[in-house]
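Hi there,

Here is the structure I promised to pass on to you. Have a look at it first, and then read on for what turned up in it.

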Amino acid sequence: MEKVIEAKNLKKVYGKKSAVFTALKGVDLDIYEGESVAIVGKSGSGKSTLMHLLALLDTPTSGTIKIDGEESTKLSKKELNKLRNSRFGFVFQQFFMNPKDTVLNNVVLPLKIAGISRKKRKQLAMDALKIVDLESKAKNKATDLSGGQKQRVCIARAIVNNPKIIFADEPTGNLDSATGDKITDLLFDLNKKQGVTLIVVTHDEDLAKLCQRIVRISDGKIIADNSVRKDTAKKASERREKEAARVKKANEKEAK
Ligand SMILES: Nc1ncnc2c1ncn2[C@@H]1O[C@H](COP(=O)(O)OP(=O)(O)OP(=O)(O)O)[C@@H](O)[C@H]1O
Ligand SMILES: [Mg+2]
């Protein structure tokens, strides 16, 4: 039941002078390992702003965020990038892929940044593409895919590093319901089978209900947050340990 994220009194002010807007007005939020958390609220309530701060993609105007007990403001830019790249996966619609590059190269990117060997990263990327059922599109240009397929490539890229936390902002937005369901299944599979912590921003109440916890945000403040089911978090933690042991064993075997 480790706290993976501990956010305290987060405030975010955008703009200057007459255009100043306070998007977050003091948010406290703890996320536990293995949880699935939905962040819901009206358009403009501050969901994406909060998500960007939690994922360390943007900095708060005031307040603190600890990741695995470590204060994020104390990290250098390089350390921040490393932390994001090794522990986080992102499924954001505005995170466009490189359209001119192949699907495979788009998925490989986080591994390249992590300095993994060419051969190994190709193998890992193909494994991730297999999970989202897009192996056959590996050599296609990203731009040639359908919307749902692009979203699945984003998921492959998000999971290729075996992240501890996946942040998803409207992962099923703009998709037909069958494709949306497939994306949803993928994300919850990762949460349930591998103990990946899942944080999802959504307008979709059905998707929110699949999460163990729903955080409601209105006008830059949390107005409701149902409690953490600690037993589930504990089980997820055990699953993650098991998975880490399996990966370690596989790596050792390969090194021999
Ligand atoms: N870069 C920015 N500069 C100025 N205001 C901003 C900026 N980004 C967001 N805002 C404002 O902050 C508020 C919260 O925005 P945010 O994107 O977090 O909303 P949201 O809850 O994700 O909405 P949606 O459901 O429409 O995606 C909005 O009123 C928005 O106009
Ligand atoms: Mg948003």
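Helix H1 lies across strand S3, strand S7 (165–169), strand S8 and strand S9 (213–218), and it runs at about 150° to S8. Helices (H or I, at least four residues) and strands (E, at least two) are DSSP runs, numbered from the N terminus. Axes are lines fitted to C-alpha atoms, for helices over the stretch in contact, and angles run from 0 to 180 degrees between N-to-C directions. Two residues are in contact if their C-beta atoms, placed from the backbone, lie within 7 Å.

Before going further, please note that this is a predicted model: local features need pLDDT of at least 70, side-chain atom pairs count only at pLDDT 80 or more, and totals for chains, interfaces and linings use all residues. Residues are numbered from 1 along each chain as its sequence is written, while chains are lettered from A and ligands numbered from 1 in the order in which they are written.

H1 also lies across S1, S2 and S4, running at about 125° to S1.

**The six-stranded sheet**

Six strands make up an open sheet with mixed pairing, in the order S6-S7-S8-S3-S9-S10. (Two strands pair if DSSP finds at least two bridges between them.) At the edges are strand S6 (88–92) and strand S10 (221–225), each of which pairs on one side only. From one strand to the next, the twist averages 20°.

Within this sheet, S3 (residues 36–40) and S8 (residues 197–201) pair in the parallel sense over four bridges. Ile39 has Val201 in S8 as its bridge partner.

**The four-stranded sheet**

Another open sheet has four strands in the order S2-S1-S4-S5, and its pairing is antiparallel. Here S2 and S5 are the edge strands, each pairing on one side only.

You can walk through this sheet pair by pair:

- S1 and S2 run antiparallel and are joined by nine bridges; Ala7 has Leu29 in S2 as its bridge partner.
- S1 (residues 3–14) and S4 (residues 62–67) pair in the antiparallel sense over five bridges, with Glu6 opposite Lys66 in S4.
- S4 and S5 (residues 70–71) run antiparallel and are joined by two bridges, with Lys66 opposite Glu71 in S5.

The hairpin of S4 and S5 has two residues between the strands, and Asp68 takes a positive phi near 50° there.

**Around ligand 1**

Which residues are around ligand 1? They are Tyr14, Gly15, Phe21, Ala23, Gly41, Ser43, Gly44, Ser45, Gly46, Lys47, Ser48 and Thr49. A residue is counted as near if its C-beta atom, placed from the backbone, lies within 6 Å of the molecule. Strand S2 (21–32) and helix H1 (47–54) are the elements that give two or more residues to this shell, and H1 gives the most, with three.

By class, the shell has three nonpolar, eight polar and one charged residues. In this scheme, Ala, Val, Leu, Ile, Met, Phe, Trp, Tyr, Cys and Pro count as nonpolar, Asp, Glu, Lys and Arg as charged, and the others, Gly among them, as polar.

**How the helices pack**

Helix H3 (residues 103–113) packs against helix H4 (residues 118–131) at an angle of about 120°, with their axes 9 Å apart. That angle makes H3 oblique to H4. (Angles under 35 degrees count as roughly parallel, over 145 as roughly antiparallel, 65 to 115 as roughly perpendicular and the rest as oblique.) The contact of H3 with H4 has nine nonpolar, no polar and three charged residues.

H3 also packs with H5, at an angle of about 30° and with their axes 7 Å apart. H3 and H5 are therefore roughly parallel to each other. Their contact is made by Val103, Asn106, Val107, Leu109 and Pro110 of H3 and Val153, Ala156 and Arg157 of H5. These residues divide into six nonpolar, one polar and one charged.

Finally, H5 (residues 147–159) and helix H6 (residues 177–194) pack at an angle of about 10°, with their axes 10 Å apart. That makes H5 roughly parallel to H6. Gly148, Gln151, Arg152, Ile155 and Ile159 in H5 meet Thr179, Ile183, Leu186 and Leu190 in H6.

Enjoy exploring!
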